Amino acid sequence: MPGLMTMMALAPSPLSVKRCFSSKETPGTTMLLLTKRSSSSAHLLRRSWARGAATATATTAIRDEQELMQRLDEDGWVDRHLLPLLTPAEEAWQPADLLPSFSASADEQRSQVAELQARAAAVPDDLLVCLVGNMITEEGLPTYMSMGNRVAGASDATGCDGHAWARWLRGWTAEENRHGDLLNRYLYLCGRVDMRQVERTVHHLLRRGMRAIPRPSSPYHSLIYGAFQERATFVSHARTAGRASRHGDACLAKICGVIAADERRHEAGYTKASARAFETDPDGMVRALAAVMRAKVTMPGELMTDGRDERLFDHFSAVAQRSGVYTAADYGDMVEHFVRRWKVAELGADLSGEGRRAQDYVCGLPRKVRRMEELAHDRAAKMEAQSVSFSWVFDRPVRIR
Ligand SMILES: [Fe+2]
Ligand SMILES: [Fe+2]
């Protein structure tokens, strides 16, 4: 793409050709136009060179990152440190373990579903909205697996590659797949949500995809993004479990609890792999961390819509913020946690100038995020209460502030 944009910038536009050859300006004016034109061409050439240099630098960086990923696979690091974090299929929980059993008698089935619905009746709408938003995000899994397959040095080229990164990606996908299935089935059985609207939102999200990290093929960007995402989903599912328990829905609390525990293991995997990359290439990793932070870590469900509300994700996020399921303060805490965990402030003298600037930016970020969060909180406190109708809960209004 940058190459194409450079070519377009250098090509004279039809307008500039007409001005140069058909106007009746005096020689002096023509000279002025030519001078302007050549100065503008020089500027474009400089821009083109700068873009070419940036592309070449990015390509070299990706090649170095790819080599590190291949080394971690070949020397057995992924086998020793990441793959044991995944649960073997025979030992893993399955959605059927946490939902009414259909191997029981018809009466028993009916009584288990009735019990699930009786408990779910006490779950407030704001928590249901958080649950639906989380479930829809989990159901975007095909997009996330395809993102994982774009990572240089870690992709599963055949669909059944034997290298360790491919086994990690497939094992991670198999664990994630249960999350959407389990939440989807609970929501269907509980009878509290408009499943057609929920399913339509999943359909839209899969068609729209996700806004990727700045460089989707970069292993560093992907590992960092993975660590943030898994921690954010852990927080969100764990808080939903806590609130479900307080509202008396032990079944939902257990469901969100087991999912949160999976996210915790996944977070440990991406955090460990990032830490290993920090040890090997601190300069590259701190620059990658700053780039991912500058682009903002957006949730993978950001592009969701139900076909009616184009700001559905913003509204869902506002409900999550207000109900304490996932807040801006959590984001500040996460940045602080990873800066500490990856010892970013302690990175030493071997950092480049750019690396040092990235280190300063990242280390100062938690304070900035907290300050912004305080200002947003103060602003929200002065605003009037507002509710939004969510099609997911049959258009019932839910407070967003
Ligand atoms: Fe998940
Ligand atoms: Fe996960």
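In this predicted model, Asp395 is exposed, because 11 other C-beta atoms lie within 10 Å and a residue counts as exposed at 12 or fewer. Asp395 is placed in the loop between E1 and E2. Although Asp395 is not a glycine, its phi is positive, at about 65°.

Phe394 also belongs to the loop that lies between strand E1 (387-390) and strand E2 (396-399). Its phi is near 55°, again a positive value in a residue other than glycine. With 12 other C-beta atoms within 10 Å, Phe394 is exposed.

Attention now turns to the helices. Helix H12 (residues 282-294) and helix H15 (residues 353-382) have axes that come within 8 Å and cross at roughly 50°. H12 is therefore oblique to H15, and the crossing in which H12 passes H15 is left-handed. On the H12 side, the contact is made by Asp283, Val286, Arg287, Leu289, Ala290 and Met293; H15 contributes Glu354, Gly355, Ala358, Gln359, Tyr361, Val362 and Leu365.

H12 itself can be checked for length. Its 13 residues, at 1.5 Å a residue, should span 18 Å, and the end C-alpha atoms are 18 Å apart, which agrees. The buried residues of H12 are Pro282, Gly284, Met285, Val286, Arg287, Ala288, Leu289, Ala290 and Val292. After H12 comes Lys296, with a positive phi near 70°.

Conventions. Residues are numbered from 1 along each chain as its sequence is written. Chains are lettered from A and ligands numbered from 1 in the order in which they are written. This is a predicted model: local features need pLDDT of at least 70, side-chain atom pairs count only at pLDDT 80 or more; totals for chains, interfaces and linings use all residues. Axes are lines fitted to C-alpha atoms, for helices over the stretch in contact, and angles run from 0 to 180 degrees between N-to-C directions. Helices (H or I, at least four residues) and strands (E, at least two) are DSSP runs, numbered from the N terminus. Angles under 35 degrees count as roughly parallel, over 145 as roughly antiparallel, 65 to 115 as roughly perpendicular and the rest as oblique. A crossing is left-handed if the near helix is turned anticlockwise from the far one by less than a right angle, and right-handed if clockwise. Two residues are in contact if their C-beta atoms, placed from the backbone, lie within 7 Å. The expected span of a helix is 1.5 Å times one less than its number of residues. A residue is buried if 20 or more other C-beta atoms lie within 10 Å of its own, exposed if 12 or fewer, and partly exposed in between; C-beta atoms are placed from the backbone.
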